[in-house]
There are 2 protein chains.
Amino acid sequence: MTQSEVGHITYSRGGQAESRHEIHVAVVDANGHLKAHCGNADLTTFPRSSSKPVQALPLAEAMPDLPQDELAVACASHAGTPEHLAVVQRLLARSGSSVADLRCGTHPPFDAQAAASLIQSQQTPTPLHHNCSGKHAGMLLACVRLGLPREGYTHPAHPLQVQIRALHATLADVPLEAIHAGVDGCSVPAFALPLQGTARIFARLAAPSGSHAQALARIAQAMQAHPFLIAGPGRLDTTLMPLVPGLTAKMGAEAFYGMALQETPYGPLGVAFKVMDGGERARSHMALAVLKALGVPLTEAVWALAPSELRNWAGQEVGSIQTHLPLVWS
Amino acid sequence: MTQSEVGHITYSRGGQAESRHEIHVAVVDANGHLKAHCGNADLTTFPRSSSKPVQALPLAEAMPDLPQDELAVACASHAGTPEHLAVVQRLLARSGSSVADLRCGTHPPFDAQAAASLIQSQQTPTPLHHNCSGKHAGMLLACVRLGLPREGYTHPAHPLQVQIRALHATLADVPLEAIHAGVDGCSVPAFALPLQGTARIFARLAAPSGSHAQALARIAQAMQAHPFLIAGPGRLDTTLMPLVPGLTAKMGAEAFYGMALQETPYGPLGVAFKVMDGGERARSHMALAVLKALGVPLTEAVWALAPSELRNWAGQEVGSIQTHLPLVWS
């Protein structure tokens with residue numbers, strides 16, 4: 001077990017610490033070796049939606065000619081804006097499927113304006129608005145192209161899910177039998193991996209090689225080319241990717257984060273971190289701290305994504321947000 | 001320093017721990033002595049809105065004839081429903097003040113239906129909708145009754161805020177100079193106290209004695225009599241108080257919780273706990289665990305407030321929520 005002092009994001013009020021998030025970080029190089037870490041690099045946890053690039057891999061390999069925006073939305077945790085929905089619908093139609101075939105469940109759009117528009121027009125959300133609808137539309141299309149039944153596509157024993165599990169094992173360099181499976185918020189299997197295993201997946205996205213190299217490269221390109229589709233207005237993946245050359249970033253629920261960095265002073269790197277308590281607000285601050293620690297040049301526009309001052313409802317500065325990242329290099 | 005193993009609320013998925021909240025707890029008896037604790041009983045932290053019963057004390061003492069519902073809403077973090085707003089407006093009018101005098105800032109109603117109604121009617125939120133508007137209306141009225149200027153009522157040096165700070169010191173049994181002040185989300189001073197100091201305040205609410213006894217008793221009665229006004233639909237204070245006889249409960253931001261228990265096998269008790277990372281979702285589970293540990297009989301209706309199963313968007317059971325409360329008795 002590779003363990004060291006954990007990282008922290010601390011929220012202070014008037015100079016007095018008020019709340020603190022504990023964070024574990026793993027950084028892996030292009031050879032798949034642990035390059036740096038903080039906390040427990042072997043922490044077993046669920047990447048959740050940070051797994052989406054892997055979950056889209058069978059689709060990418062079955063459909064080399066899939067339009068780039070549709071591949072991007074298959075990797076997305078989208079905010080449910082009309083722009084997202086249009087691409088999901090196009091992807092869904094490509095397999096002759098409809099909204100009724102989606103098994104992701106339903107929640108209001110993450111985007112506040114899209115959610116307000118639904119309310120104003122007295123509409124209720126559909127599975128299309130679910131942040132994972134693109135992934136599900138992509139899975140349905142993968143089934144059709146691979147000659148698999150669409151029926152039961154979310155079940156752990158469905159051949160597509162079996163294949164996705166095997167891809168996690170291969171890309172993370174983890175024995176298949178060591179991968180614990182749960183059920184995700186959208187009803188497909190969620191796989192728990194050691195943190196450095198997920199970092200290894202992102203290292204492969206940053207520097208694709210071997211049997212899945214071409215599809216991994218296309219996925220990273222699609223995500224970088226369509227940052228808006230990957231998340232939405234004001235969301236970290238969307239705002240960060242255009243500001244950091246060569247970055248493919250994907251958030252996961254419960255404050256997981258994965259980053260594939262094509263360009264750092266240490267060569268291509270894969271990063272995975274987990275905010276132990278699932279506190280989503282700590283993600284942007286830790287992402288920037290990790291990028292800085294890895295020697296990635298960050299502009300003022302990047303730092304503006306994680307302001308260090310804390311403001312109240314009247315806009316008054318009432319405290320600060322501090323980052324502690326005791327990274328240990330291997 | 002009184003320190004022991006911290007408590008936890010753990011979110012697991014498919015049997016695998018995914019996220020974990022650390023929690024510090026202090027329990028104080030009617031004599032103001034620490035009765036039990038878990039983690040650091042001296043943890044310095046901000047009770048935030050759990051201070052509202054103390055912040056309403058000058059009002060309660062200046063106006064013994066204030067209608068009970070108005071006293072309740074002065075202690076509330078309300079959800080901004082029309083019912084809440086009506087009482088706040090009545091309280092505000094009592095001092096000849098108007099919405100323009102409120103210095104709390106503005107946010108959309110916490111209650112989803114109230115927020116949706118505003119959107120549907122194309123209205124924007126006003127300071128009345130701020131969860132602290134009742135507290136602010138109460139402070140304005142206290143100023144008028146005490147012959148203090150309304151102007152600058154939120155400033156730390158305003159005589160009302162100076163008095164509220166002194167009340168914190170007295171009720172928590174903490175030296176005045178040891179109380180660190182920050183600024184709250186609604187722009188009034190927020191005072192940091194040792195956790196057992198806040199528990200002592202709640203013990204005094206449970207068993208009022210001494211110089212402020214009458215007003216404290218009236219505040220506890222008002223909060224118990226109007227649980228809806230204290231919070232709102234589906235919120236913990238509102239749902240829990242009617243189910244636990246003799247309980248006065250008040251949540252604070254960043255996952256603070258205070259409970260005054262008039263009836264336990266150990267006599268009246270005051271409880272304060274803080275979820276270290278500010279994770280609000282952990283509050284209800286820990287509140288029930290503490291009540292159970294203190295021998296308070298809990299019905300099925302109470303346990304239903306903190307379900308131990310975790311469900312996804314499709315309603316499927318995907319995990320569980322576990323409580324660990326290694327309470328150490330003094």
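**Figure 1. Confidence of the predicted model.** Chain A of this predicted model averages a pLDDT of 97. In chain A, 100% of the residues score at least 70. The model as a whole scores ipTM 0.96 and pTM 0.96.

**Figure 2. The open sheet of chain A.** Three strands of chain A form an open sheet in the order 4-6-5. Pairing in this sheet is antiparallel. Strand 4 of chain A joins strand 6 (residues 189–194) of chain A over 2 bridges, in the antiparallel sense. One residue pair can be picked out here: A:T44 has A:P194, in strand 6 of chain A, as its bridge partner.

**Figure 3. Helices against the sheet of chain A.** Helix 7 (residues 159–172) of chain A packs on the sheet. Helix 7 of chain A touches strand 5 and strand 6 of chain A. Its direction makes about 15° with that of strand 6 of chain A. Helix 8 (residues 195–206) of chain A lies across strand 4 and strand 6 of chain A. Helix 8 of chain A runs at about 105° to strand 6 of chain A.

**Figure 4. Helix 7 of chain A meets helix 8 of chain A.** The two helices, helix 7 and helix 8 of chain A, pack at an angle of about 85°. Their axes are 8 Å apart. Helix 7 of chain A is therefore roughly perpendicular to helix 8 of chain A. From helix 7 of chain A come A:H168, A:T170, A:L171 and A:A172. They meet A:G197, A:R200, A:I201 and A:R204 in helix 8 of chain A. By class, this contact of helix 7 with helix 8 of chain A has 3 nonpolar, 3 polar and 2 charged residues.

Figure 5. In chain B, an open sheet of 3 strands has the order 4-6-5, with antiparallel pairing. Strand 4 (44–45) and strand 5 (180–183) of chain B are the edge strands, and each pairs on one side only. Strand 4 of chain B pairs with strand 6 (residues 189–194) of chain B over 2 bridges. B:T44 has B:P194, in strand 6 of chain B, as its bridge partner. Helix 7 (residues 159–172) of chain B packs on the sheet and touches strand 5 and strand 6 of chain B. The direction of helix 7 of chain B makes about 15° with that of strand 6 of chain B. Helix 8 (residues 195–206) of chain B also packs on the sheet, touching strand 4 and strand 6 of chain B. Helix 8 of chain B makes about 105° with the direction of strand 6 of chain B.

**Figure 6. The axis relating chain A to chain B.** The same surface serves both copies: 100% of the contact residues of chain A recur in chain B.

**Figure 7. Helix 5 of chain A crosses helix 5 of chain B.** The axes of helix 5 (residues 112–120) of chain A and helix 5 (residues 112–120) of chain B come within 9 Å. They cross at roughly 75°. Helix 5 of chain A and helix 5 of chain B are therefore roughly perpendicular to each other. A:A116, A:I119 and A:Q120 meet B:A116, B:I119 and B:Q120. The residues of this contact of helix 5 of chain A with helix 5 of chain B divide into 4 nonpolar, 2 polar and no charged.

Note on methods: Residues numbered from 1 in each chain as written. Chains lettered and ligands numbered in written order. Predicted model: local features only at pLDDT ≥ 70, side-chain atom pairs only at ≥ 80, totals over all residues. Heavy atoms only, no water. pLDDT = per-residue confidence, 0-100. Pairing = 2+ DSSP bridges. Helix = DSSP H or I, 4+ residues; strand = E, 2+ residues; numbered from the N terminus. Contact = heavy atoms within 4.5 Å. Axes fitted to C-alpha atoms, helices over the stretch in contact; angles between N-to-C directions. Parallel < 35°, antiparallel > 145°, perpendicular 65-115°, else oblique. Nonpolar A, V, L, I, M, F, W, Y, C, P; charged D, E, K, R; others polar.
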